[in-house]
Amino acid sequence: MGRSQLTSLLKFDLREAFDSVAFTVYDWFFFGFQFFIYGEILSKLVITLPNYLFYYGTGLLILMSFNVASWSGRRFVESAHEGRLRYLLSLPITRGEMFLEQLLIGVIINLTRVLPPLVVILLLSGLYTPYTLALSLVVLTLCTIGIMGLMVSLSVIAFKSFDIYSAIVASLSAILIRFSTVNYPISSMPSGYADASLSNPVTYGADLLRAAVGINTSVLLDPAFAATVVIALCIGTVFLGMFFLSTVVEGVKSS
Amino acid sequence: MPVAKQSFDITSSEISEQKEEEFAVISTELSKDYGKKRALNRLNLKIDKGQILVLLGPNGSGKTTFLHLISTVLKPTEGTALVMGYDIRREPLKVRQVSAISFQDPRGFWRHKPAQILSFHASMYGVSGEERKRKVEETLKDFELWESRSTKFMHLSGGQSKRLEVAKLFVHRPKLAIFDEPTTMVDLDGKRMMWDKIRQLKEEGSTVIVATNEVREAEYLADKITILANGEHLVTDSLERLKDSVKGGDIVDLEFALPIEDNLLKLVQNIQGTAESKLVSESRLRIRVNRSEDWLPIMTDKMHEVGSNRITSIKVAEPSLDDVFLEYTEKTA
């Protein structure tokens, strides 16, 4: 009975998530403007890194995935405050399945949003093959799951207050994106920045994606090590999220 | 709380003879804290299978907390409960498979439509295919939601969204159906319809728990009533016995043929079960008694023995559930 319930819940939530396509379209516009205008101009200014436009474009995909993952955590906190979570908690489904469903929703939404921009980057860079497309999607999925596990875990910690969650996520995104290779490679960073970035899993996700696409491979971290870090992040945060969901989460007291 | 204790003890001794499997819910020392505030304090309660138990209590008495605990939405701070034989701490999934809750305030589905919400709810409880379609349609019609089946939840009126919240439990008919204030925001016709549906649910074999602070709802639905106040369990009993438990709750108006003399007044005051007597007029007496059905035969025998003044009229009024509610809750205030 568990799998059919998971499917029912997934369908129910997807219907709601795709009821409005405004955010998806906004994300595509965001990518288009950033890539074709801002990225194009930047790539002319950046002379030490060839093909910076595509380096920047893949960084944007990581940023978009990061945003979807943050949104998933926020959605979880919102669901607690709107009374939806208590309903989900009363349904005959395990907390683990509930967490898995949250992850699947995030992954599906993220793939919908990043697929067209990814195809654009692959086609324009001349690196499109079914293999690079599939590999890039796998990397983006792993990154989304890893960050989403972290965000849902954080949402559980900051459960009682939506403001606390928003403040934590805003600070965290500022730090994780700036101290990473989302916008610039390790080789261009001052040593303090580089050390901080090397301890940030987002760095490994961004470099792994570029390795999968085949862009600027000379300035990237070792893909095998990056893949290990990203997979470890996924496993770690998923277990953390599951742990919090099954031991800590309960319906927020009605006001 | 002497009255509360006395009445609960009667119930306890009776139910102790029943077997565990005859109860839908057995809570043992069930407690819940929200931070430093204790919302439910060591609740021991047994709910018979196949009955409607009404939880009555003022706001903040712990009704909703209790319902959320037994539906595994909240985790207990101390104690536990068995729901249809499953422990809420150790077997929460099984508890959720045999029970379902209709929440006090329907929220959280903004973009979905009533038909989708009911269909989803049914699917989560294993109702599939044509049967699901049929039950969803039938329930939408029963709850007067058919016309608005394709209206987004956020555009439903308060009464419609409340009816939808209650209707969820009718698409799969759980063994234990839990309703938290099912008819708030609903008009009078709607209330009556929903009460009848809840009764029907019981007749079809479900055990039903209804939390309310509406006395009329309790009177209409209850096989047994539990009164909670400040997170404490005050009493559980049938409506009739709760009314009987109110000391001096029955009001007897006696009209005599002749003016009432002192010796007659004293005689009435000395009858066992008389709580208070008052001359309303020179030939009319109002007496508060514990149980009028015990008191009246004794009184008529005594009058017959005295024989000096003839009773021309006897009127008896029972206490209302309001009186019972106030009797118990005021003691804890």
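Chain A averages a pLDDT of 89, and 96% of its residues score at least 70. Within chain A, confidence is lowest in helix 7 (residues 162-178), where the mean is 86, and highest in helix 9, where it is 96. Where pLDDT is low, the predicted coordinates should not be read in detail.

**Two packed helices in chain A**

Two packed helices are described by the angle between their axes and the distance between the axes. In chain A, helix 9 (residues 201-213) packs against helix 10 (residues 223-247) at an angle of about 125 degrees, and the two axes lie 8 Å apart. Because of that angle, helix 9 of chain A counts as oblique to helix 10 of chain A. The crossing of these two helices of chain A is left-handed. Helix 9 of chain A contributes Pro201(A), Tyr204(A), Gly205(A), Asp207(A), Leu208(A) and Ala211(A) to the contact, while helix 10 of chain A contributes Pro223(A), Ala226(A), Ala227(A), Val229(A), Val230(A) and Leu233(A). Sorted by class, the residues of this contact between helix 9 and helix 10 of chain A are 10 nonpolar, one polar and one charged.

**Where the chains meet**

The contact between the chains takes 22 residues from chain A and 26 residues from chain B. On the side of chain A that touches chain B, the elements that give two or more residues are helix 1 (2-17), helix 3 (52-82) and helix 4 (84-90) of chain A. This side of chain A has six nonpolar, eight polar and eight charged residues.

**A sheet in chain B**

Strands of a sheet pair through backbone hydrogen bonds, either parallel or antiparallel. Chain B holds an open sheet of four strands in the order 12-13-11-14, and the pairing is antiparallel. Strand 12 (274-281) and strand 14 (311-317) of chain B are the edge strands, each of which pairs on one side only. Neighbouring strands of this sheet are turned by 20 degrees against each other on average, direction ignored. Strand 11 (residues 250-256) and strand 14 of chain B pair over six bridges in the antiparallel sense, and Leu254(B) has Ile314(B), in strand 14 of chain B, as its bridge partner.

Two helices of chain B pack on this sheet, as the table sets out.

| Helix of chain B | Strands of chain B touched | Angle between directions |
|---|---|---|
| Helix 10 (residues 262-269) | Strand 12 and strand 13 (284-289) | about 150 degrees with strand 12 |
| Helix 11 (residues 292-306) | Strand 11, strand 13 and strand 14 | about 25 degrees with strand 11 |

Note on methods
Residues numbered from 1 in each chain as written. Chains lettered and ligands numbered in written order. Predicted model: local features only at pLDDT ≥ 70, side-chain atom pairs only at ≥ 80, totals over all residues. Axes fitted to C-alpha atoms, helices over the stretch in contact; angles between N-to-C directions. Parallel < 35°, antiparallel > 145°, perpendicular 65-115°, else oblique. Left-handed = near helix turned anticlockwise from the far one by under 90°. Contact = placed C-beta atoms within 7 Å. Nonpolar A, V, L, I, M, F, W, Y, C, P; charged D, E, K, R; others polar. Pairing = 2+ DSSP bridges. pLDDT = per-residue confidence, 0-100.
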